[in-house]
Structure formats: structure tokens, C-alpha cells
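Subject: A structure for you to explore

Hi,

Here is the structure I promised to pass on to you. Please open it next to this email and follow along as you read.

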Amino acid sequence: MTSALLWTRRRDSVARFWRSYRTHRAGFLGLGALALIALIALAAPLLVGSDVQSVTNAPGTALEAPSDEFPLGTDQFGRSLLGLLVWGARISLTVGLLAAALSVAIGTLVGIVAGHYGGWFSTVLMRITDWFLVMPTLVLAIVLATVMSRSVWTVILAIGVTSWPTTARLVRAQTIAVESRPYIERARALGGGHRHIMARHVLPNVMPLVLAQTTLGISTAILTEATLAFLGLGDPTVVSWGGMLQDAREAGAVSSGHWWYLAPPGIAIAVVALAFTLCGRAIEAVLNPKLGVAR
């Protein structure tokens, strides 16, 4: 009975969230764009096939302009840029999602622990957080990506372990606010231990903040992955939007005026980053109406 009531309340909460979210036109537009891009990425093997990455079996000639056969033109190997753009969405979205999830997980853990225990332990954690916060995230990510093997997992790790401090500070502040409420004192008086209080009382109350931070962090992670790939620090064996920009630079597309090589991946990165940002702002507005985010 209790379990059924709990699930009913959760469904009602999700329904209220969705009704409120739909009123934010920009957020709804961003969600629709992300759903379409994610669907295209998942269907990439059916839409373009895995052989689109092959250099030896390229269907066209090098750097062909957009045409009926190749709507976005070809790269320096004669591969279809439209096919590469569709296939590259898989890597760019995967890196963005996983790197943001890792970053938020680290930040949430550090923030809750620091806010719950307090004292010298919290001070030490926050000084470490401050050190990461003042250091340029991109520089740290470049260092990690340079000293480790070049792979997708290295890029995810490099982004995730360098971009968590902001989440940690936000979650710590929210944890301190939650633990000042009377029901936390009652939980302690009834014998609730540290793990029980953090997992059953604090974590559910900071999850809305974590959700919004994750959505906003994905766009940053995608941009960082594109930057690392553009600098030649990505995985050379996979196709990503940042890697396409790197290939275009190496092929001299900037100086030779081959705009169709540069524009598609750049626009794709900008659209996805903007869509995630719109979703994140809409989620923040729903969870915290006091922000007054425009609809």
C-alpha cells in the first residue's frame, strides 16, 4: 500500500513537472531538437551505414561541393559529409552525456559530504574544490588528454574530472540549507546515521538542482570535446563533430574557401549546445520559479 502510494505521488510529481515544462516554449523547442538529433544518431547505422567512415571505399572525390549526390559535399578523402555528420552525432552526444554525468556525480558526492559533515573535513574538500575551480578547465582537460592514451574514454574522463567544482559548491550550499530543517533533527533523534540522512533525506532534496546542472553541463561537455578533438587530442579512430573540424583544418578548408567542410559540424555543435542550454534553463525555471526565467 505504501509503495503504491509512493509511486502515485511520483507519477503526479512527474506529470506536474511536464505540464509546467511545456509552458516554456524555448525549453520545449530545445527538447524537440534534442529528441530529433538523438533519434538520428541512434538510427545512424540504418540511415548512412557504418561504411561511411571508410577512407578506401569513399564514394566521391576529394572536397566536392554540395550536390544532389552529396548534399553537404565531401571531405578530403571523398567521404560524404552528411553521412559523417550523422555518424559523428553518436560520439559527440555520448561524450557529452557521459562526461556531464561523471562531472555531476563527483560534484554531488563532494558537495553532499562537505555540507553534511562540516568542520575541518569540509574545509579541506572546499579548498580542493577551489583549486580546481580557479584552474582553467580546458587546460586541465588538455593536460589529461595529452598524458593519457587517445581514446573516447580518455576524453570523457578528462572532461568529467575537471568540470565538477561548480556542482560541488552548489550542492554543498543546498545540503547545508536542507540539513537546517527540523525533520533532519528528528531523523537524527530517531537514530538515523550519516549514510541514512545523506541518502534518504539530503540527496532527494538536491536532485532537482543536480538535474538542472546536468542538463547545462552536457552542452559544456560537448563544446569541450569538440575543442579537444579540434586540437588533435581526440580519438583518431572515431568520427566526431570536433574531429571533422580538425580534419577540415588539416585539409586547408579555411584558406581554400571550402566552407561546406567547416559549416556543418560547427553548426551542429552550436545547435546541440543551444538546445541543451534551453532545456537546462527551462528545468531551472520549473524547479525554482523564483528565478523568473522568460518563457
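What volume does the second largest pocket have? The answer is about 380 Å³. A pocket here is an open set of points on a 1 Å grid over the protein atoms alone, where a 1.4 Å probe fits and protein lies on both sides within 12 Å along at least five of seven lines; lining residues have an atom within 4 Å of a point. Points are joined across faces, edges and corners, and the volume is the space filled by probe spheres set on them.

Before we go on, please note that this is a predicted model, in which local features need pLDDT of at least 70 and side-chain atom pairs count only at pLDDT 80 or more, while totals for chains, interfaces and linings use all residues. Residues are numbered from 1 along each chain as its sequence is written, and side-chain values use heavy atoms, with hydrogens and water left out.

**The chain as a whole**

The protein chain has 13 helices and zero strands. Helices (H or I, at least four residues) and strands (E, at least two) are DSSP runs, numbered from the N terminus. Along its principal axes, the C-alpha trace spans about 75 × 45 × 35 Å. Of the 295 residues, 41% count as buried, meaning under 20% relative accessible area with a 1.4 Å probe and protein chains only, whereas exposed means over 50% and partly exposed lies in between.

The largest share, five residues, is that of helix 11.

The largest pocket holds about 900 Å³ of space. Among its 20 lining residues, Pro204, Asn205, Met207, Pro208 and Leu287 are the closest to the centre. Two or more lining residues come from each of helix 1 (2-22), helix 10 (194-230) and helix 13 (259-287), and helix 10 has the largest share with eight. By class, the lining has twelve nonpolar, four polar and four charged residues. For these classes, Ala, Val, Leu, Ile, Met, Phe, Trp, Tyr, Cys and Pro are nonpolar, Asp, Glu, Lys and Arg are charged, and the others, Gly among them, are polar.

Which residues of helix 6 (residues 137-147) are buried? They are Leu140, Ala141 and Ala145. Seen down the helix axis, these buried residues fall within an arc of 130 degrees, so they line one face of helix 6; the arc is that of the directions from the axis to the C-beta atoms. Thr146 and Val147, on the other side of helix 6, are exposed. The cover over the buried residues includes helix 5 (119-134), helix 7 and helix 10.

Thr108 sits in helix 4 and is buried, at 9% relative accessible area. Not counting residues up to four places away in sequence, Thr108 touches Thr167, Val171, Leu203 and Val210, where contact means heavy atoms within 4.5 Å.

Val52 is in the loop between helix 3 (44-47) and helix 4. With 11% relative accessibility, Val52 also counts as buried. Beyond its neighbours within four places in sequence, Val52 contacts Arg79, Ser80, Gly83, Leu84 and Trp87.

Enjoy exploring!
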